[in-house]
Amino acid sequence: MRLWGLALLLLALAGCRQQQSESQVGFYFWKSNFKLNEAEQRALDTLGVARLFVKFLDVDVGADGRAFPKASVRFEGEAVGRYEAVPCVFITNRTFQSPSVSPAGLAESVWDYLQQINKRYGLRPAEYQFDCDWTPATRGPYFDFLRHIRRLSGGAVLSATIRLHQYRYPQQTGLPPVDKGALMYYNMGDISDKAETNSILNNEKGLPYLQAASYPLPLDVALPLFSWALLYRLGELQSIINIAQEAVLEQEPNLEKIGPGLYEVKQNFYFEAFYLNAGDRLRFESPAPEELERAADALHKIQNRSGNLIFYHLDEQALQNFPPDFLHRLARRLGD
Amino acid sequence: MLAAWAISHWPLQAKACGPDDPSYHFFNLFVPEWLLPEEYSPAFYTANPYFNNIWGEHDYSNDNLAEWQAFFKNEVNQDALLRVLKGQYTETYGDMPRDGLIKNHLFRESKLPPAQVEAAKRYLLLALDIEKLADPYRDIWAYEPDTLDAEQAGALISRIEAALQAEKFPFLKERYAFQLVKSLRYANQPGKAVEAYQAYFGKGDSKSIIRYWALDHVAGIELQQGKAGQAYHHFLTIFRQCRSRRHSAYYSFNITSEADWQATYALCQSPEEKALMHFLRGSKEQALGLHDMEQAFGLLGNHEWLRTLMAREINKLESANFDYYSDKPVEQLFSNLEANGTLLLNQEQAGYAGQLLRFANTLYYNHRSDPFWALAKAYLEFLTGQFNTANLTLNQSGELKPPFDKVKREIALAILIFKKESFTAEEENRIADEIIAIFGDDEAQFFTERNNEEFILDLLAYRARQRGNLLLAGFFARETIWLLKENPAHPSVDALLEFIRRPRHSSLELLALKHFMGNSQKWQAFNMNLAAELKAFEFQALEIKATLLMRDPGKLAEALALFESLPPEYDFAIEGNPFNMSINDCIHPENCNLNTSTAYTRNSFVRKLAEVKAIAEQTNSATDYYLLGNAYYNMSYFGPSWRLMNFYRSGSQYNGFFDCSPALAFFQKAIQYAPDRESAARACFMAAKAEQNLFFKLMHEKNSYADDYWWGKYEIYAWGSQQDEYIKFQQDISNSGYRRYFEKLKQEYRDTKFYQRAIRECRYFEYYTTRM
């Protein structure tokens, strides 16, 4: 069934010629082991994807307050060479809260680390993207960090992810010193709230942030394709379980469906490498196609879009959740 | 061996394990360190975000050291051995290269046979080389480790094999075998590594720790080869048999599927092994332990693992509800109690606590002699709001030995405070005695090794607030007299005096007061000398009162009377003469030029101040008003004599007496009655200084950023480099109407000598006259 769906999607995609008015489509690749299976590679080719935004590393702080890299990417095979890889660096906000972290020192470490990866795999990126959900308290050191990266980057394009509140209130939240932004139109709900309905994509919450028609930086736009099940234990968020289809939950005999997308664990059992306890609750969330279309229509009105659409993230199973040609249609809606 | 040591940390034994972070994230009454032995202390619950992984520390690494010491018959230099095995910095050898240590220091003056020394040196030096392959030094910002290539690894392995064949000492032979297994694994030859293990360890029944260290590698290989059951069972064995590899085995025992669980379970030879599987799974981070507790109980009955799991589950509930850093943790608990009849935040937690209680009940009734289960039962009853039942359980538990009795008594104390809004004198006396006894806080420091005392005090503070007794609530909330001294106010000081002067106090009131006043006497000694101690407290409060009265020039006489009523030791000598003026402010007497022939003590100065004030008022003497202005300026936050009206001066924010209104009022009179223009100009300048400080006070009261209108923000030498900000700063003062006396000086006294001096010495005034 899944293969059939993917085949349909690819057939449909193959039948489409990229239109001039379409947004250029890219994908985030957020796993640490970079390996494309045949289906993913075909999907990328059919969609005419030239650029992959690959997470090269996370940066966090340890108990000693010092920053360190983790979850670094490893490339398997030659696939990466076929695309323009944009190294992405996710930095936890608490990294910039640590008094032991100097923005200049961190910039040098991160930049050097990126160059080690580039050298190891023979990459020559033209753009680097940084992802940090900065706050008023960390804005200063994060922006300082970006300025230092700028000095080191020798002319490469620098981009930064922009959250919705940062898009809506640039005066208050500040403008990162980069060449362009990537507006993340997802993760807009409170995942810790067990009463939340869809924290991945909720236009009722997201659209009001788009009241501002423009942003002081050129913007790529990022839309979600991923799904997950949120695990609540004793009334509090415990874990995020990455599953692409709700059917997995529906078919699990140890789970009882208690509402739309809501499941209760009947007895302790292993599920997707997690050990669940009786009484735990799971909430499945995924972006509905019609909501993605609504989002695309609203994002289309942003005046200074760069024309690039990035999907988060590349995953064969996630792609199967959408009708054939759907991603093309989204790209067309966002195009001019 | 050596290599394996390098990845571990030197042991602090159990002290280094478990929640070693002193800043607890939750109030912890069910103290695992009091209730359980140390062996499994790494499994104690902690909510610290950086230490929330149990077995976060490598434990029992002393075991390996002990084996080496036995081999060397304690004949080698201990400090050198530490550095060689561990690679860590030591006091004697610092970070001296270890190969040099092995060759030149380790065996110095040892009486070991030369053959043993040479054999040990050969092994240790080879082990150093193996580190490059198996434990390569890792710069955290290096993408790839600096390790050996395949050819170098092959050569190294050949050396180990040759040494293994040639070695005569069984102790060293085993260690070579371990190094061989490990090196083959890291050289990507897993099959050969398993063969080497089988050849050297598989047939014998060695119980040496090094065998289990080798098995740890084999289990890792099995996991990679998909032999999950076998691998996990080996990790289980290592966890049981080899304390110094528990850390590694615990994390490797990470079953993620029912199939792997069953495969491992099938290999278990005894109920104990199966129970251990449940202990490991139930104690994993993010697991709820009840189901595994039930299973382990069915297999093994009452056991330390069960108790450890139960303590974890209870501590989790504490962590979720007794937040140490919450603004109002105790208020939340009372609110939970009112909303759902338990101390717990939501129905899910209450439900789980109920299930834990049922399990604790089972253990309690089956093991009445085990005090742990009585306490677990009582505490869960307490958490679920069943205070009477909890009390009954505690009463039925009889007399418990320390430290169980401490937990019993703190639970009883907490229940008492939850149940009653107010207490009789007898109850208050008992509460005080219990606080001292349970928490060993004989000096009423209100801060002990753990935070459970703080929890009890917060409960008491809540009750005192409820009764409207804010003073006592502050005492329980660990306020101290220094808070009052920093920013005293008449109502607070009067309330304190009234409290001290009461004819009778309960022990609890005295304990709280003792802490507030900073008294460090032992409780018993304090009580034996109570009348004198209370009198001393009264003097302290009266000194604050008198200091406060001084701030109002109209109450100088009252202040003086109080100061003079204090014992002589309260009086002190004053540096400099507070009647003197200075163009530029100087705060710390030791840095100011305060040369004067006048020597005042506080009492004599206050007396003089009252006299000068009386003369000024009787004669309209400009000089005396000017002196009074100077004195009130100098005694404020902005002057060198601030100690006369303040107990503490912050260097970063306005505090204490920073109101220059009295000084300004005196300077205004000095201008009004000035006998000549020079005197008037001088008083006018000082009035301008006082007026500027009133601007800072206004900004402070408007909650402006302290940095924006900080009195010392612009040093004379610095303002030029911050000119825009400086201009705005000056304009803000002027625009707000706080430059009247600079303007008056500029307009009316331009022709005086003092005007010229002010221009020369005061950059603010120079700026005002030339640019505004």
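**Note on the two-chain model**

1. Chain A contains 12 helices and 18 strands, where helices (H or I, at least four residues) and strands (E, at least two) are DSSP runs numbered from the N terminus. The radius of gyration of chain A is 20 Å, close to the 20 Å that the globule rule gives for 336 residues, so chain A is as compact as a globular protein of that length. This radius is taken over C-alpha atoms, and the globule rule is 2.2 Å times the number of residues to the power 0.38.

2. The model is predicted: local features need pLDDT of at least 70 and side-chain atom pairs count only at pLDDT 80 or more, while totals for chains, interfaces and linings use all residues. Residues are numbered from 1 along each chain as its sequence is written, and chains are lettered from A and ligands numbered from 1 in the order in which they are written.

3. Along the principal axes, the C-alpha trace of chain A spans about 55 × 50 × 45 Å. Buried residues make up 40% of its 336 residues; a residue is buried if 20 or more other C-beta atoms, placed from the backbone, lie within 10 Å of its own. Of the contacts in chain A with a separation of 6 or more, 73% are between residues 24 or more positions apart, a contact being two residues whose C-beta atoms, placed from the backbone, lie within 7 Å.

4. Chain A is assigned domain 1 (2–226 + 286–334) and domain 2 (236–276), with bounds that come from an automatic or database domain assignment. The centres of domain 1 and domain 2 of chain A, taken over C-alpha atoms, are separated by 28 Å.

5. Chain B has 38 helices and 0 strands. Its radius of gyration is 37 Å, whereas a compact globule of 772 residues would have one near 28 Å. The C-alpha atoms of chain B fill a box of roughly 110 × 65 × 50 Å along the principal axes. In chain B, 43% of the 772 residues count as buried, and 65% of the contacts between residues at least 6 apart in sequence join residues at least 24 apart.

6. The contact between the chains takes 22 residues from chain A and 19 residues from chain B. On the side of chain A that touches chain B, the elements giving two or more residues are strand S4 (67–70), helix H4 (103–121), strand S12 (236–241) and strand S15 (269–271) of chain A. H4(A) provides the largest share of that side, 6 residues. By class, this side of chain A has 10 nonpolar, 9 polar and 3 charged residues; Ala, Val, Leu, Ile, Met, Phe, Trp, Tyr, Cys and Pro count as nonpolar, Asp, Glu, Lys and Arg as charged, and the others, Gly among them, as polar.

Terms used:
A residue is buried if 20 or more other C-beta atoms lie within 10 Å of its own, exposed if 12 or fewer, and partly exposed in between; C-beta atoms are placed from the backbone.
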